[in-house]
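Here's a quick walk through this model, with a look at one helix, the overall fold and the ligand's surroundings. Have the structure open as you read.

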Amino acid sequence: MALRELKVCLLGETGVGKSSIVWRFVEDSFDPNINPTIGASFMTKTVQYQNELHKFLIWDTAGQERFRALAPMYYRGSAAAIIVYDITKEDSFQTLKNWVKELRQHGPPNIVVAIAGNKCDLLDAREVSEKDAKDYADSIHAIFVETSAKNAININEVFIEISKRIPAADAVAATTGRGFKLGRQASESQRTCC
Ligand SMILES: Nc1nc2c(ncn2[C@@H]2O[C@H](COP(=O)(O)OP(=O)(O)OP(=O)(O)O)[C@@H](O)[C@H]2O)c(=O)[nH]1
């Protein structure tokens with residue numbers, strides 16, 4: 001079975017739940033006392049998609065302002081970016097729009113963008129309407145899901161949607177050197193920090 005490596009980065013304001021989404025996806029766990037990311041952290045997870053294995057190489061960036069300048073190192077060369085906002089924080093949705101602008105200006109031209117409205121378990125505190133966010137995502141042809149890392153809602157779905165959109169993106173990637181590899185492992189996960 002063909003193994004495809006897909007570099008994915010997570011972007012978004014501090015505290016929106018980027019690391020929690022990654023932990024839920026890779027380890028199927030949730031830590032309410034998780035620490036803010038320093039610099040960035042890296043994890044991988046391989047999943048089967050149709051007749052291929054997709055190995056996600058996931059760069060979870062730090063949302064704190066002091067690390068902002070590091071982000072290009074992680075979104076450059078990415079096949080996809082998951083930009084996360086917190087549905088209970090309007091400001092975090094504005095920050096997301098800034099990330100979209102930055103990716104447009106400096107990111108890979110064919111990057112798949114997924115917008116994740118996280119903390120959808122906190123409906124009573126909602127500040128960003130699902131419709132407004134979906135309309136915005138549609139306007140930039142991005143994937144859109146509301147997620148809850150806490151309650152494991154729509155976490156796998158984000159990555160499945162990325163897998164679905166990658167073939168078109170990879171047709172370009174293949175011509176630039178990234179592409180298919182034959183692999184042996186059916187599933188794995190790993191975490192390192194830097
Ligand atoms: N209720 C709720 N809390 C969440 C959810 N996801 C994350 N949190 C909490 O939000 C806080 C921040 O989560 P992180 O995953 O560290 O956020 P981050 O975006 O990675 O933050 P930085 O590393 O600073 O960029 C933590 O207290 C999490 O437990 C969620 O889906 N629901």
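In α3, the buried residues are S92, F93, T95, L96, W99 and L103. They take up an arc of only 155 degrees around the axis, which puts them on the same side of α3. That's the sort of pattern you'd look for in a helix: there are 3.6 residues a turn, so residues three or four places apart point the same way.

What covers the buried residues of α3? The cover includes these elements:

| Element | Residues |
|---|---|
| β1 | 2–11 |
| α2 | 71–75 |
| β4 | 80–86 |
| β5 | 112–118 |
| α4 | 130–139 |

The length of α3 checks out too: at 1.5 Å a residue, its 17 residues (90–106) should span 24 Å, and the end C-alpha atoms sit 25 Å apart, which agrees.

Now zoom out, keeping in mind that this is a predicted model. The protein has five helices and eight strands, and from the N terminus on they run β-α-β-β-α-β-α-β-α-β-α-β-β. Of its 194 residues, 40% count as buried. Among contacts with a separation of 6 or more, 74% come from residues 24 or more positions apart.

Then there's the ligand. Of the 22 residues around the ligand, G17, S20, P36, T37 and G63 come nearest. Helix α1 (residues 18–27) supplies the largest share of that shell, three residues. By class, the shell has seven nonpolar, eleven polar and four charged residues.

Note on methods: Residues numbered from 1 in each chain as written. Predicted model: local features only at pLDDT ≥ 70, side-chain atom pairs only at ≥ 80, totals over all residues. Near = placed C-beta within 6 Å. Helix = DSSP H or I, 4+ residues; strand = E, 2+ residues; numbered from the N terminus. Nonpolar A, V, L, I, M, F, W, Y, C, P; charged D, E, K, R; others polar. Expected span 1.5 Å × (residues − 1). Buried ≥ 20, exposed ≤ 12 C-beta atoms within 10 Å, placed from the backbone. Arc of directions from axis to C-beta. Contact = placed C-beta atoms within 7 Å.
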